[in-house]
Structure formats: C-alpha cells, structure tokens
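Me: I am new to this structure and would like to learn how to read it. Please take me through a strand and then a ligand site.

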Amino acid sequence: MATGSNLSFVLNKVNDVEFKDKPVPKLKTPHEVLVAINYTGICGSDVHYWTHGAIGHFVVKAPMVLGHESAGTVVEVGSGVTTLKVGDRVALEPGYPCRRCANCLGGHYNLCPEMAFAATPPYDGTLTGYWAAPADFCYKLPPTVSLQEGALIEPLAVGVHIVRQAQVTPGQSVVVMGAGPVGLLCAAVARAFGATKVVQVDIVQKKLDFSLGFGATHAYLSQRVSPEENAANIIAAADLGGGADVVIDASGAEPSIQASLHAVRIGGTFVQAGMGKDIINFPIVAFCVKEVTARGSFRYGSGDYKLAIELVAAGKIDVKKLVDGVVPFNKAEDAFTKVKEGQVIKILIAGPNEKEGATIDTKVDEAKLKEAEAAKAATGSTCC
Ligand SMILES: NC(=O)c1ccc[n+]([C@@H]2O[C@H](COP(=O)([O-])OP(=O)(O)OC[C@H]3O[C@@H](n4cnc5c(N)ncnc54)[C@H](O)[C@@H]3O)[C@@H](O)[C@H]2O)c1
Ligand SMILES: OC[C@H](O)C(O)[C@@H](O)CO
C-alpha cells in the first residue's frame, strides 16, 4: 500500500514547473501493480517539453507530470497478478499500447497508434510518488541490478531496439552518429552484439573522450567540411575499407545523416534513430546506387526491455558510468537545468519518498544476490 506522498513534478507550460501533491493512483484492472518510484532519469524529450512545450504534433495543452525513465518498488498488486509481489524492484516500461490493433497483434506494439506514453501529452509521467501500471510492463530487476541501474533500462532499451533494427552481427563495423545517451548506449549495445569496430562521431570532443571508455573502439570529431569528406575521414580513422557495415544516426542532425549515407558500405544498413528536423536534404543517389537497407527505429518493443536488463545483469554494459549524480526530488528543476545546459550525461532524481538527499543506492538485497549467484552458477542464466 502507498504510505508516502504522491508529490509530482508538473510542467504547467513552457518554462513553468511546480511540485504538486496529487492523489495516489488506483489500480484500474486486476492486472495492474502500484509502484513507489525510487529513481527517474531525465530524457532530452522531458527537457524539450519543458523548454518548448511541444515535440512535433505532441503539444502540452494541460499541466503534465514529466519523466518516463524510472525504476521503483512494488507496493500493491492487483488480484490477477501472478508475476510480481510487494517488495519486488522493477524497471518501468512507460508506454502502454492498446494490445488489439494490427501493430500490437503483429508483434510491433511500439508502433501502436493508441500508445499511452508517459510524459507525452496528454499522459502524465513518472516523476511522482506512485505509479500504477500493467504488471507485464514492470520488469523485475535481478538482485545484481540496482534501482539506479533500473532507471537506465529505458534509454538502454531504446539502444537495444536500434541495434536490433540494424541487425548487427559479430565482426561487423558500426558507425554511431551522436554521443548523447542514446548514441553512447547504441555503441555499447553494438559492442555487446559482437561488432568489432564501433566508431562514435560527435561535434563535442569531451563526449567522444567518454565514449572510448564506454562502448566505442574509435572516435571521430566531426569537422565543418562536406558530408563526403567527414565520411571519408570516419572510414580512414577506423580503417573501414569500403565503408561501415552499419551506420546509425543518433543525432538527428542533417549533416550527420548526410555523412551516414556516404560512410555506409555498398549493401550496408542505415538506421535513423535521431529525431531532429522533420524535413532534410538526403543523399538519395548514394542511398540508391549502394542499395543501402534503411530502417527507422522508434522506442522499444517485444523483448527489448528483457534484453536490456540481461545486458546489465551480465555485466556487458555498465550503465552506471553514465550517471553524473543523483538529486533529491525537491531539486528536480536544478537537475533539468543541468541536462539542458549539457553539464551531465545522465542525472537521476530520487523519488519523493526516498530519503532526503539520497545519493547512494543501497537497495541491493544481499541475500537475494547470493541466491541469484548460486542460480546463475547452476544454470548459466543471468535473469531473474
Ligand atoms: N527513435 C527513438 O525512439 C528515440 C528515443 C529517444 C531519443 N531519440 C532521439 O535520438 C537522438 C539522440 O538522443 P539523445 O538523448 O542522445 O540526445 P542528445 O542531444 O544528448 O545527443 C545528440 C548528440 O548528437 C551530437 N551531434 C549534433 N550534431 C552532430 C553532427 N553534425 N554530427 C555528429 N553528432 C552531432 C550532439 O553533440 C549530441 O551529443 C535525439 O534526436 C532524440 O530525439 C529517439
Ligand atoms: O525513450 C523514448 C523517447 O524518449 C520517447 O519516445 C519520447 O520522445 C517521449 O515521447
């Protein structure tokens, strides 16, 4: 049961946020659980809604709670829930599809037109005390994965989906345009999938310096030259021969999308994940004569959260390295400012019922950890 406050971080309108105590949500079906939010990361989209009030046709027309990168602890379970119990620590998948349309039934629920996604207007987000959600969209964290890592499963699942769209296989070369959280995670996932050369590209040197200790094997600082020249430099920097097997755009920037089509090899794959300008100039002839396979990538779908958790549990991706700090709930606006100013890669906001100033995650249960290690030794599995 909920025993704390349901203080929420609400965006009223552009550059106008406030803390509001809202009623604790009620379970709407027997298949839902109530989760006390422990930690929430800030996504670029949260900051964009705060500073611009809209992303594309999603417009903030009424006050909306921000946040969708969260992990928490189950405090109540509906009568039909068999997979979770009170006390379980979970990563929240924050978008709820209709489960009935052709996309949902065809296995692509992330493309559901009826998707109710947290902190995408008109739906409230997870920077709140308690969150009611379908149990099957709450993923139990293995004892070896902390709640702070749990809050990073959402952006990692974005990276997993992108690299799956790219169909990266062992031994391939991958170029990732952009070294923000999404690009960094794409590079790390590509390495975990067996890519042997992963080139991170950005316009900010300090982001590239970080990338080399995270997922990338090579880094390239994009220059103010033509896209063809930047592509040639990328190819030379990592000795990619005729070009990269896969190029992922995680920047949304027009010059980087153009360079992508010149950096990919003949017959290679290009995935567009960055979301910048709606309309850009695209090097259509390079795309055509190389017979490039091009795919989009949107959020995450079947199996992406599960794999993201596996990658963290197995020690393949150390998401903690992305976290620059943890702030108490009442410092949420400062945290948003730090992200807006580019001072941090990721900053976590503790839930309103976490101890004031909580900066250290102590939620790993030692007994459960030993139990899991024994199970892992017996089965080779890393999952809960
Ligand atoms: N497809 C999806 O489901 C999905 C999900 C989350 C985010 N996104 C999008 O993915 C992109 C990355 O997200 P993020 O949170 O990492 O954002 P971010 O803004 O932190 O990262 C973008 C990076 O691109 C770099 N960049 C800008 N111009 C560049 C250029 N010409 N060449 C190379 N790099 C350049 C920036 O310096 C920055 O580091 C954004 O466009 C975001 O909207 C997409
Ligand atoms: O991680 C998923 C993305 O941040 C969301 O799609 C965002 O744009 C909100 O709608």
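**Reading a strand and a ligand site**

Reply: V174 stands opposite V246 in β16. This is a predicted model, in which local features need pLDDT of at least 70 and side-chain atom pairs pLDDT 80 or more, while totals for chains, interfaces and linings use all residues. Residues are numbered from 1 along each chain as its sequence is written, chains are lettered from A and ligands numbered from 1 in the order written, and side-chain values use heavy atoms, without hydrogens and water.

Me: In what sense do β13 and β16 pair, and over how many bridges?

Reply: Two strands pair if DSSP finds at least two bridges between them. Strands are DSSP runs of E of at least two residues, and helices are runs of H or I of at least four, numbered from the N terminus. β13 pairs with β16 (residues 244-249) in the parallel sense over 4 bridges. β13 and β14 are also parallel, over 5 bridges, and V174 has V198 of β14 as its bridge partner.

Me: Which residues of β13 are buried on each side?

Reply: In a regular strand, side chains alternate between the two faces of the sheet. Buried means under 20% relative accessible area (1.4 Å probe, protein chains only). S173, V175 and M177 are buried on one side of β13, V174 and V176 on the other. Strand β13 is largely enclosed by the rest of the structure because 5 of its 5 residues are buried.

Me: Which polar atom of ligand 1 lies 2.8 Å from S297?

Reply: A polar contact is a pair of N or O atoms within 3.5 Å. A nitrogen atom of ligand 1 is 2.8 Å from a polar backbone atom of S297. For D202, a polar side-chain atom lies 2.7 Å from a ligand 1 oxygen.

Definitions and conventions. A polar contact is a pair of N or O atoms within 3.5 Å; within protein, one must be able to donate a hydrogen and the other to accept it, and residues adjacent in sequence count only if both atoms are side-chain atoms. Buried means under 20% relative accessible area, exposed over 50%, partly exposed in between (1.4 Å probe, protein chains only).
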